[in-house]
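Open the model in your viewer and keep the selection panel at hand. The stops below say what to select next and what is there.

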There are 2 protein chains.
Amino acid sequence: MATTTAGQRREQARRDYDAYLAGCPTRELLSTLTDKWAALVIAALAGGPQRHSELARRIAGVSQKMLTQTLRTLERDGVLTRTVTASVPTRVDYELTPLGHDLNPVMVSIKTWAETNMDRVFQARARYDARS
Amino acid sequence: MATTTAGQRREQARRDYDAYLAGCPTRELLSTLTDKWAALVIAALAGGPQRHSELARRIAGVSQKMLTQTLRTLERDGVLTRTVTASVPTRVDYELTPLGHDLNPVMVSIKTWAETNMDRVFQARARYDARS
DNA sequence: CAGTATCCCAACGGATACTG
DNA sequence: CAGTATCCGTTGGGATACTG
């Protein structure tokens with residue numbers, strides 16, 4: 001057959017793109033993904049849709065500006081959807097797309113890794129600082 | 001028994017730390033990990049030790065400054081080791097620690113995700129830009 | 001080769017004020 | 001509530017020059 005599956009096409013894409021190359025568009029996409037706020041937002045949406053204010057409360061310390069900016073970028077990249085409910089006051093919900101759900105486990109794993117290994121990192125820092 | 005395994009202690013750590021909290025040290029560790037250069041460096045070291053110049057060549061476009069800075073931070077956090085061989089000219093090798101090997105698959109998965117899904121992101125951007 | 005030290009500009013990102 | 005706009009200090013990060 002001449003037809004290719006979506007999986008085959010993605011496998012081909014993985015071979016064609018290379019984030020080690022400076023000019024590759026994946027380099028810029030990697031920049032978007034390797035972002036503290038993006039990781040927390042995507043992880044927070046694992047359980048289902050969240051309102052803007054819910055995300056702001058959950059991700060303590062994020063500014064209005066950074067939260068909106070992060071959400072916009074992720075919306076544009078097809079990771080999440082933004083749904084406006086016309087009411088007073090306005091209600092806006094954010095939800096992961098299938099692409100976003102695909103990405104979610106990866107982002108969660110970074111956050112979990114940090115939480116799980118914080119102590120080991122502390123010990124490493126103590127050793128490093130001790131001999132400097 | 002009163003003894004706890006390393007696994008149990010790490011599970012406890014995961015419960016004690018929470019990157020959603022602004023003051024949590026994992027928030028800052030997350031910042032370090034969610035870094036374009038850190039991701040590429042850690043991914044590049046999967047196959048074994050690499051010299052400074054090898055890393056610089058492999059990670060196209062990285063500046064001397066950023067590469068050294070990234071390597072220093074990761075060394076301090078116990079992710080990799082820096083080994084100096086006294087010769088002329090000096091030879092320096094970087095290698096993942098057990099902690100680094102633990103982190104490696106996570107970082108590789110982000111890079112791979114970007115390479116695999118670049119096309120889907122392009123399509124999403126085209127749709128988003130078309131209705132704006 | 002590996003690294004440090006400056007210089008310097010662009011961006012990141014917080015604070016605040018204002019709108020539908 | 002959700003978002004935009006502006007101001008403004010801090011940091012990121014490249015370019016260049018110099019050292020063991």
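This is a predicted model: local features need pLDDT of at least 70, side-chain atom pairs count only at pLDDT 80 or more; totals for chains, interfaces and linings use all residues.

Select strand β2 (residues 80-85) and strand β3 (residues 91-96) of chain B: six bridges join them, and they run antiparallel. Strands here are DSSP runs of E of at least two residues, helices are runs of H or I of at least four, and both are numbered from the N terminus. Two strands pair if DSSP finds at least two bridges between them. Now pick Thr83(B); opposite stands Asp93(B) in β3(B). Follow the chain between the strands: β2(B) and β3(B) form a hairpin with five residues between them.

A word on conventions: residues are numbered from 1 along each chain as its sequence is written, and chains are lettered from A and ligands numbered from 1 in the order in which they are written. Local features need pLDDT of at least 70, side-chain atom pairs count only at pLDDT 80 or more, totals for chains, interfaces and linings use all residues, and side-chain values use heavy atoms, with hydrogens and water left out.

Move to chain A. Select its sheet: an open one of three strands, in the order β1-β3-β2, with antiparallel pairing. The edges are β1 (50-51) and β2 (80-85) of chain A, each pairing on one side only.

Take the β1(A) side. Two bridges join β1(A) to β3 (residues 91-96) of chain A. Click Gln50(A); Tyr94(A) in β3(A) stands opposite.

Cross to β2(A). Six bridges join β2(A) to β3(A), again antiparallel. Here Thr85(A) stands opposite Arg91(A) in β3(A). Through five residues, a hairpin joins β2(A) to β3(A).

Zoom out to all of chain A. Colour by secondary structure: there are six helices and three strands. Along the sequence they read α-α-α-β-α-α-β-β-α.

Next, the overall dimensions. The C-alpha atoms of chain A fill a box of roughly 55 × 55 × 25 Å along the principal axes. The radius of gyration of chain A is 19 Å, whereas a compact globule of 132 residues would have one near 14 Å. That radius is taken over C-alpha atoms, and the globule rule is 2.2 Å times the number of residues to the power 0.38.

Of the 132 residues of chain A, 44% count as buried, meaning under 20% relative accessible area (1.4 Å probe, protein chains only).

Methods:
Buried means under 20% relative accessible area, exposed over 50%, partly exposed in between (1.4 Å probe, protein chains only).
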